[in-house]
Each structure stands twice: as structure tokens, then as C-alpha cells.
Amino acid sequence: MTLLAHDRYCDEIAHQVGQLRALVTSGADLSATVPTCPDWSLEELVRHTGGALRWVELMVRTRAEEEIPEERVPLGDGPQARGDAGVLDAWLAETGEMLVDALREAGPDAKVWGWAGILNAGFWARRMTHELTIHRADAVFAAGLPYEVAPEVAADAIDEWLQIVEFVQRTEPHDAARELRGPGRSIHLHATDTAPEINAEWVIELTEDVLVWRRGHEKATVALRGPLTAVLLAFYRRLPLDSAEVEVLGERELLEFWLERASFG
């Protein structure tokens with residue numbers, strides 16, 4: 001599957017960080033509970049997201065050959081002062097700049113430790129793009145604001161998740177991944193609002209081994225239809241399947257079963 005260009009991921013990380021910063025300084029209640037991550041407040045979500053970016057920045061900048069413990073990341077937990085939007089914004093701004101600079105300097109092929117079998121900086125540019133894509137949605141929901149994402153980024157986020165589920169099935173056949181096996185069942189994702197060149201349809205076939213997926217329009221056991229952003233959010237379990245924004249056709253139980261057990265992705 002064709003990925004976005006490395007520079008496009010870097011640009012998107014900068015854009016997403018900018019959007020998240022705008023939310024932090026918008027007057028949103030930093031103590032508000034995040035509805036899609038109810039164990040976190042909005043501030044805790046921002047700190048988690050920024051901490052992940054700083055962790056990746058350190059690994060990319062140092063060309064880490066093994067995982068760096070999170071406790072070794074400078075300011076990985078965020079600024080000491082809490083409840084201060086200005087301080088949190090400054091930390092997030094510095095964090096985004098550090099990561100984008102490190103990724104651009106490294107280029108996509110620089111060798112860096114990774115957990116999904118892809119040992120280069122390009123993996124982390126893509127992974128952090130979608131870490132931000134989804135967690136910014138979480139933040140937007142906490143603030144009660146509308147959410148938008150570029151179609152090519154949304155489509156790539158679905159591609160990446162399917163590739164991660166495939167990797168987990170192949171390398172870590174734990175109970176959740178094992179239960180996703182079984183031939184004769186399939187899932188179709190169908191975005192209804194995108195240009196043809198985005199090709200925003202997916203077919204996911206469950207097999208006795210590793211799932212098989214591809215872009216395309218085919219009849220399946222169950223289909224999830226709606227605008228691409230809504231399909232993305234439902235697939236990442238950020239939007240309920242009974243939302244008016246999406247439509248489920250066929251065996252809804254299979255889709256619910258799959259999403260619950262694929263949450264490790």
C-alpha cells in the first residue's frame with residue numbers, strides 16, 4: 001500500500017500539533033473528562049500525546065537501536081505547572097518542533113528501533129501522524145468542537161491500523177488476535193464522500209491465518225458506510241456504531257466483535 005511522503009507526514013505532524021495547541025489556548029476546560037478516554041482529563045490527554053512525541057523524538061535523534069524507557073525522556077510528563085494553558089502550550093510547541101526537526105534531519109530511511117517490524121524513522125513519522133490524528137479527535141470531543149482531518153491522512157490511518165493488526169496476528173498470536181481468525185467472514189469499509197483518487201474503500205477478510213485486506217469495493221459479511229472521517233472514527237472506536245453519521249449493513253455483531261478485539265491496534 002502506498003504511503004504518504006515523509007515530508008507530508010512531517011508537515012501533518014506540525015499541522016496537528018498546531019491544531020492541538022489552538023485547542024489548548026482556546027479557553028477549553030483542561031480538567032474536562034475526555035469522553036472517548038474517560039480515565040483522562042483533557043490536560044492528561046495532551047500530556048500523554050506530547051510525551052509520546054518526545055519519546056519518539058529522542059529515539060529518532062539518537063538513532064536508538066532498542067527501546068528507550070519513557071522515564072528517560074526529558075520533560076516527557078510535561079511541564080511541572082498544571083492547569084496552566086500557556087505553559088502547556090509552550091511545552092507542546094517545543095515538543096512538535098523538536099520531533100519534526102528530528103524526523104526531517106533523519107529522513108525516512110534512518111535506522112531506528114521500532115515495535116512493528118519496521119526499523120526506520122519513516123515508521124515513526126507515520127505512527128506519530130496517526131497518534132496525533134486520533135488523539136486530537138479525543139481532545140476535540142472533550143472540548144465539544146467539530147473535528148476535521150485531511151482525506152488522505154484519514155485513509156492512511158485506516159491502512160496503518162490494518163497493517164498493525166496484521167503484524168500483531170503474525171507475530172503475537174495472543175487471545176484477541178487469535179479470535180479475529182476464521183474464514184468466510186469479511187468487513188467492508190466504504191467512505192461515501194471522497195474523490196475517486198482517494199479510493200477510500202477497504203475489504204478485510206478474516207482467514208485461518210493472518211487477515212487479508214485491500215482497497216476496493218466488494219460485497220462483505222458486514223459493511224460500515226459513511227463520510228470518511230466518520231468511518232475512521234468509528235473504526236477507531238471513537239464514534240458509536242449507532243451514530244447517525246454511519247450506517248452498518250449486514251452482520252453488525254461481526255463488526256462489533258472485530259473492533260473490540262482489534263483495539264490493540
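A pocket is an open set of points on a 1 Å grid over the protein atoms alone, where a 1.4 Å probe fits, with protein on both sides within 12 Å along at least five of seven lines; lining residues have an atom within 4 Å of a point. A volume is the space filled by probe spheres set on the points, which are joined across faces, edges and corners.

This is a predicted model: local features need pLDDT of at least 70, side-chain atom pairs count only at pLDDT 80 or more, and totals for chains, interfaces and linings use all residues. Residues are numbered from 1 along each chain as its sequence is written, and side-chain values use heavy atoms, without hydrogens and water.

Second largest pocket to start. Its volume is about 310 Å³. Its lining has 18 residues, with L3, I118, F123, R126 and Q163 nearest the centre. Helices here are DSSP runs (H or I, at least four residues), numbered from the N terminus. α1, α4 and α5 each give two or more residues to this lining. The largest share, five residues, is from α5.

Now the largest pocket. It holds about 800 Å³ of space. Its lining counts 28 residues; H48, A52, R127, E131 and H135 are the closest to its centre. Here α4 supplies the largest share, seven residues.

Last, helix α3. After α3 comes G107, with a positive phi near 75 degrees.
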